[in-house]
Amino acid sequence: MHIGLVHYLVVSALLFSMGLFAIISRKHAILVLMGIELVLNAANINFIAFAKYGGMNIEGHVAAIFVIILAATEAAIALAIILNIYQHFRHVNVDEVDDLKE
Amino acid sequence: MTDLSTYTTDLIKSFEFFKPETTLTATIILTIIFDLIFKKSKHISGYVAIIGIVIAGIFLHQQTGVEYKAFANLLVIDDFGVFMKYIILLSSLIIIIFTFYSKELHPGKPRLGEYFTLMMGMTLGMFLLVGSANLIMIYLSIEIMSISSYVLAGYTKEIKRASEASLKYVIFGAASTGIMLYGISILFGLTGSLNLFNINQYIASGNVDDMPLFVSSLMIVAGFGYKISAVPFHFWTPDVYEGAPVTITAYLSVASKAAGFAVLLRFFKTGLVDPSSGTLETWNLIGNIDWRYVLIVISILTMTLGNLVAVWQNNMKRLLAYSSIAHAGYMLMAVAVLNDNGATAVLIYFFFYMLMNLGAFFIVQLIANKLDTEDIDDYAGLGFRSPVLGVCLTIFLISLTGLPPTAGFIGKLYVFTSVINAGFVWLAVIGVVNSVISLYYYIKVVRNMYLRQNEHFQSKLTYSPTEILIVLMLAIPTLFFGVYFTPIVEWANLSVNILVNK
């Protein structure tokens with residue numbers, strides 16, 4: 001079977017939906033973060049697939065590299081913040097971190 | 001070879017127009033170095049940051065009237081960007097001065113070096129965002145400013161609610177920028193370019209279907225909407241504004257909103273407006289999707305929800321958070337008409353909004369310094385305990401409501417005028433009704449200050465002359481520009497020029 005652009009797009013769309021589902025449904029902060037990574041990687045697959053099959057220039061590859069770097073920084077910051085939350089709340093369940101709501 | 005030499009000339013020329021950003025980058029490094037060398041001094045990095053901001057402002061002044069696409073169309077320098085950069089720079093300057101008088105940032109911390117470093121990082125991110133004309137550049141600069149602001153929101157990490165604010169900010173922020181990135185990747189696939197000018201050219205040639213274009217643009221706008229806290233993406237705003245240190249709350253409510261509005265306007269005008277039809281009076285968008293009504297629905301939801309929920313708030317910071325959502329709604333109303341008139345109104349509104357909102361937040365900070373509370377009930381009798389603060393807070397709140405003779409009235413006047421001129425009278429009516437609702441909760445604070453009393457009624461609150469001076473320096477322009485607003489309006493009229501394909 002010939003693998004074409006559409007296959008990649010379907011995979012990326014699935015990944016994006018799964019990522020969104022994880023962000024919405026998971027309670028654990030780390031799992032929410034993993035959902036976010038899935039969304040970012042879905043976008044990355046799109047960039048690379050379009051760059052390869054769309055006959056587009058290097059722009060797509062460069063974009064993907066930028067996204068990988070930014071995803072790493074974002075994960076580093078988010079994990080530091082989650083660690084700090086753990087020290088205050090003794091858990092990292094996003095739903096139960098709700099001191100601010102009245 | 002000719003190719004290479006054109007690149008180098010472009011690069012050298014671009015660096016000439018990159019001076020403000022270069023200055024800010026140097027300032028980031030210098031704040032760290034000075035913090036390491038002068039360990040005894042608490043504020044030395046802050047002074048360095050102020051010097052950096054002033055120098056960046058001077059370089060920015062030299063860019064007035066310049067139109068240039070720098071770094072192979074990555075960044076754009078135009079009058080619109082310069083105006084927004086002035087607002088960002090001015091509010092950074094004011095916030096750094098606020099920081100010197102903040103009590104909550106200081107206990108247990110001998111120095112604030114990294115605070116100023118992150119502040120300057122955020123400013124740099126906003127500068128790049130305001131100027132960027134490339135989707136990856138937009139994503140990159142949004143991340144620069146967001147990552148700094150995630151940390152700053154939880155800067156007082158030993159306070160529980162600040163940590164919570166920071167967690168909520170990072171999760172909502174990362175999720176919405178993720179969605180925005182997916183939108184960018186689809187738009188890249190549709191048009192074959194990440195550059196807004198090339199994208200514009202390609203969609204103008206009519207090779208793109210309406211629906212995919214609409215969906216991908218909507219995802220990108222969702223990312224901007226999160227920055228300006230428009231309604232479906234506003235959930236983080238009240239919690240983050242309440243939990244974060246007051247200085248950062250004030251900064252987020254003005255500067256990062258300014259950057260968000262700037263990039264929103266630029267995305268529409270540079271990316272989606274048909275270059276062949278009149279770009280001055282109305283921006284005719286390419287395709288059959290009417291973005292006006294999408295933006296109008298978002299703006300109505302934003303202001304109505306902001307105002308209605310603000311009515312029930314008892315915490316001053318939370319109240320101002322919902323009020324800032326409502327103000328984003330008013331400004332979105334002017335964006336929604338999609339013409340130069342509306343863009344001018346946004347610029348005018350933003351300048352005045354900066355003065356009054358920063359002023360209100362500074363008074364909240366001063367009161368929290370003395371009374372250790374942000375509860376509106378504790379503001380009882382404040383008008384008599386500290387007359388200057390009472391009067392000034394009243395001025396700021398009246399200005400936020402939009403009553404004459406304050407600057408806020410002029411801002412609202414221009415927004416409503418632009419909406420009515422575009423033929424949306426009913427939208428202006430909704431805006432006015434919303435202003436009336438907002439009067440209730442702003443005046444509730446004033447009533448508490450003057451008509452309620454508590455047991456501390458007699459004890460005076462004293463503030464240092466410099467603190468009073470800073471309050472007055474924000475309050476007097478708020479009144480002054482309410483009467484003599486011509487210079488700001490003229491400046492905004494000159495600055496509405498967003499660079500487009502020609």
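Residues are numbered from 1 along each chain as its sequence is written, while chains are lettered from A and ligands numbered from 1 in the order in which they are written. Because the model is predicted, local features need pLDDT of at least 70 and side-chain atom pairs count only at pLDDT 80 or more, whereas totals for chains, interfaces and linings use all residues.

**Confidence.** The model has an ipTM of 0.96 and a pTM of 0.94. Where pLDDT is low, the predicted coordinates should not be read in detail.

**Contact between the chains.** On chain B, 32 residues are in contact with 33 residues of chain A; two residues are in contact if their C-beta atoms, placed from the backbone, lie within 7 Å. Three helices of chain B, namely H6 (135-153), H7 (160-191) and H10 (236-243), each supply at least two residues of the side that touches chain A, and the largest share, 18 residues, comes from H7(B). Helices (H or I, at least four residues) and strands (E, at least two) are DSSP runs, numbered from the N terminus. By class, this side of chain B has 16 nonpolar, nine polar and seven charged residues, where Ala, Val, Leu, Ile, Met, Phe, Trp, Tyr, Cys and Pro count as nonpolar, Asp, Glu, Lys and Arg as charged, and the others, Gly among them, as polar.

Leaving aside neighbours within four places in sequence, B:Met331 is in contact with B:Phe261, B:Val346, B:Tyr349 and B:Val415.

The axes of H17 (residues 407-421) and H19 (residues 465-483) of chain B come within 6 Å and cross at roughly 45 degrees; the two helices are therefore oblique to each other. Axes are lines fitted to C-alpha atoms, for helices over the stretch in contact, and angles run from 0 to 180 degrees between N-to-C directions; those under 35 degrees count as roughly parallel, over 145 as roughly antiparallel, 65 to 115 as roughly perpendicular and the rest as oblique. In this pair, B:Ala407, B:Phe409 and B:Ile410 of H17(B) meet B:Thr478, B:Phe481 and B:Gly482 of H19(B), a contact with four nonpolar, two polar and no charged residues.

**Local backbone features.** Most residues other than glycine have a negative phi, and most peptide bonds are trans.

| Residue | Phi |
|---|---|
| A:Arg90 | about 65 degrees |
| B:Ala72 | about 50 degrees |

A:Arg90 is found in the segment after helix H3 (59-89) of chain A and counts as exposed, with 7 C-beta neighbours inside 10 Å. B:Ala72 lies in the loop between strands S1 (68-70) and S2 (75-77) of chain B and is partly exposed, with 13 other C-beta atoms within 10 Å. A residue is buried if 20 or more other C-beta atoms lie within 10 Å of its own, exposed if 12 or fewer, and partly exposed in between, with C-beta atoms placed from the backbone.

A cis peptide bond, with omega of about 5 degrees, joins B:Pro404 and B:Pro405, and B:Pro405 is found in the loop between helix H16 (387-401) and H17 of chain B.
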